[in-house]
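Student: I have a model open and want to learn how to read it. Can we go feature by feature?

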Amino acid sequence: MSDLIDIAIIGGGPAGLAAALYGARARAKTVVFEKALPGGQIAITDWIENYPGFGDGLAGSELGEKMHSHAARFGAEFRTFESVQSIREDRGGFVVTADGAEFGARSVILATGTTPRRLDVPGEAEFTGRGVSWCATCDGPLFRDKEVAVIGGGDAAVEEALFLTKFCSKVHLIHRRNELRATKCIQERCFVNGKIAMHWNRVPAQILGEDGRVTGLMLASTVGEPDELLPVAGVFIFVGLHPNSELAKGLCTLSPSGYIIIEHSGMTSLPGLYAAGDVTDYPLKQAVTAAAQGATAAFEADRWIGSAVCTL
Ligand code: NAP
């Protein structure tokens with residue numbers, strides 16, 4: 001096993017990167033395990049305009065890179081493209097297994113975020129990557145001058161629909177109710193955008209295609225109206241999130257929907273194991289709240305390791 005880590009952070013999104021900054025500044029040996037590039041969900045978010053201090057907005061990838069270099073400058077170590085398979089308790093600490101190698105850690109912060117939910121309708125799996133997408137920033141430019149559908153009524157769906165209007169000739173926003181869930185100021189922009197067509201009280205019933213590409217979307221009504229066939233080249237799905245809490249199962253308490261339950265300190269039900277950001281049961285899922293939770297968890301983890309006995 002390598003040198004004992006003080007604070008092992010799993011996940012390199014805003015929560016994990018803020019935790020890394022605070023851990024490193026406390027002069028704790030702080031290591032971030034991140035299976036992809038640092039930044040997490042914000043790295044694939046086109047534009048962020050609600051992070052305090054960045055009033056003009058900035059690209060999500062830029063904010064992720066700034067957070068990463070900030071933590072690295074203070075001495076946080078990064079094990080990028082290393083995927084954690086398991087965490088187990090051992091002698092007052094934890095053993096983290098990543099890509100087959102074992103790392104001893106006095107404390108662990110789970111900042112593993114969420115994964116976009118699937119719709120589970122016919123055609124979704126078949127046409128994934130062939131017109132069905134969960135990332136407008138990644139795939140939007142592929143639909144230049146084409147009509148696409150966006151599913152959902154939350155912040156993600158409406159923001160991504162707005163982003164897609166930069167490329168697409170028309171964006172159909174499909175929502176299962178007759179009012180949006182998204183933040184009001186985002187809704188206002190949506191309603192004045194001439195390229196967005198609202199389809200209220202509708203849910204996708206089937207994604208249709210020909211020759212391996214999406215050609216349309218069959219919509220069912222939630223209020224008893226006839227089905228509607230929408231000819232579109234792309235379907236972007238933003239119907240909520242699924243917590244990436246598999247590593248926590250069996251270690252600490254999860255909510256019925258799988259989010260990790262934490263105290264104000266960020267501690268889970270297992271002493272020494274903390275969680276921060278979107279994977280927790282904290283209701284507001286924002287870059288700023290994730291960063292705040294990461295800072296709190298690292299501060300508290302550093303205090304905890306000062307008092308706990310670990311014989312790893
Ligand atoms: P969300 O807020 O949970 O919204 C999911 C949307 O999908 C809801 O409108 C929901 O309808 C709809 N939906 C759920 N299941 C569906 C189904 N099976 N078929 C059709 N529609 C379905 O998810 P989100 O937009 O991904 O956002 C997740 C979190 O991240 C939120 O806390 C959000 O505030 C945050 N976020 C923030 C920003 C920002 O601050 N700029 C950007 C993106 C995300 P109902 O409304 O009827 O439930």
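This is a predicted model: local features need pLDDT of at least 70, side-chain atom pairs count only at pLDDT 80 or more; totals for chains, interfaces and linings use all residues.

Student: How do strands of a sheet pair?

Tutor: Strands pair through backbone hydrogen bonds, either parallel or antiparallel. Here, look at the open sheet of 3 strands, with the order 12-13-14. The pairing is antiparallel.

Student: Which strands stand at the edges?

Tutor: Strand 12 (202–210) and strand 14 (228–230) do. Each has a single partner strand, so one side of each is left without a neighbour in the sheet. On average, neighbouring strands in this sheet are turned by 25° against each other, direction ignored.

Student: How many bridges join strand 13 to strand 14?

Tutor: There are 3 bridges between strand 13 (residues 213–221) and strand 14.

Student: Now a single residue. Is E34 buried or exposed?

Tutor: Buried means under 20% relative accessible area. E34 has 9%, so E34 is buried. This residue lies in strand 2 (residues 30–34).

Student: What does E34 touch, beyond residues up to four places away in sequence?

Tutor: E34 touches G11, G12, G13, R79, T80, F81 and E82. Take R79: it sits 45 residues from E34 along the chain, yet their C-alpha atoms are separated by 6.3 Å.

Student: Which backbone nitrogens does the side chain of E34 reach?

Tutor: One is the backbone nitrogen of G12, at 2.6 Å. Another is that of A36, at 2.7 Å.

Student: Where does T289 lie?

Tutor: T289 is in helix 6 (residues 287–307). Its relative accessibility is 12%, so T289 counts as buried too. Leaving aside neighbours within four places in sequence, T289 contacts Y282 and L284.

Student: On to the ligand. How many residues surround it?

Tutor: The ligand is surrounded by 19 residues. The closest are N50, D155, R177, R181 and Q286. Helix 4 (residues 155–164) gives the largest share of the shell, 3 residues.

Student: Which atoms lie by the oxygen atoms of the ligand?

Tutor: A polar side-chain atom of N50 lies 2.8 Å from a ligand oxygen. From G153, a backbone N or O atom lies 3.0 Å from an oxygen atom of the ligand. For K285, again a backbone N or O atom, the distance to a ligand oxygen is 3.5 Å.

Student: How much of the ligand does the protein bury?

Tutor: Taken alone, the ligand exposes 910 Å². The protein buries 78% of that.

Notes: Residues are numbered from 1 along each chain as its sequence is written. Side-chain values use heavy atoms; hydrogens and water are left out. Two strands pair if DSSP finds at least two bridges between them. Helices (H or I, at least four residues) and strands (E, at least two) are DSSP runs, numbered from the N terminus. Axes are lines fitted to C-alpha atoms, for helices over the stretch in contact, and angles run from 0 to 180 degrees between N-to-C directions. Buried means under 20% relative accessible area, exposed over 50%, partly exposed in between (1.4 Å probe, protein chains only). Contact means heavy atoms within 4.5 Å. A residue is near a molecule or strand if one of its heavy atoms lies within 4 Å of it. A polar contact is a pair of N or O atoms within 3.5 Å; within protein, one must be able to donate a hydrogen and the other to accept it, and residues adjacent in sequence count only if both atoms are side-chain atoms. Accessible areas come from the Shrake-Rupley method with a 1.4 Å probe; for residues, only the protein chains shown count as cover.
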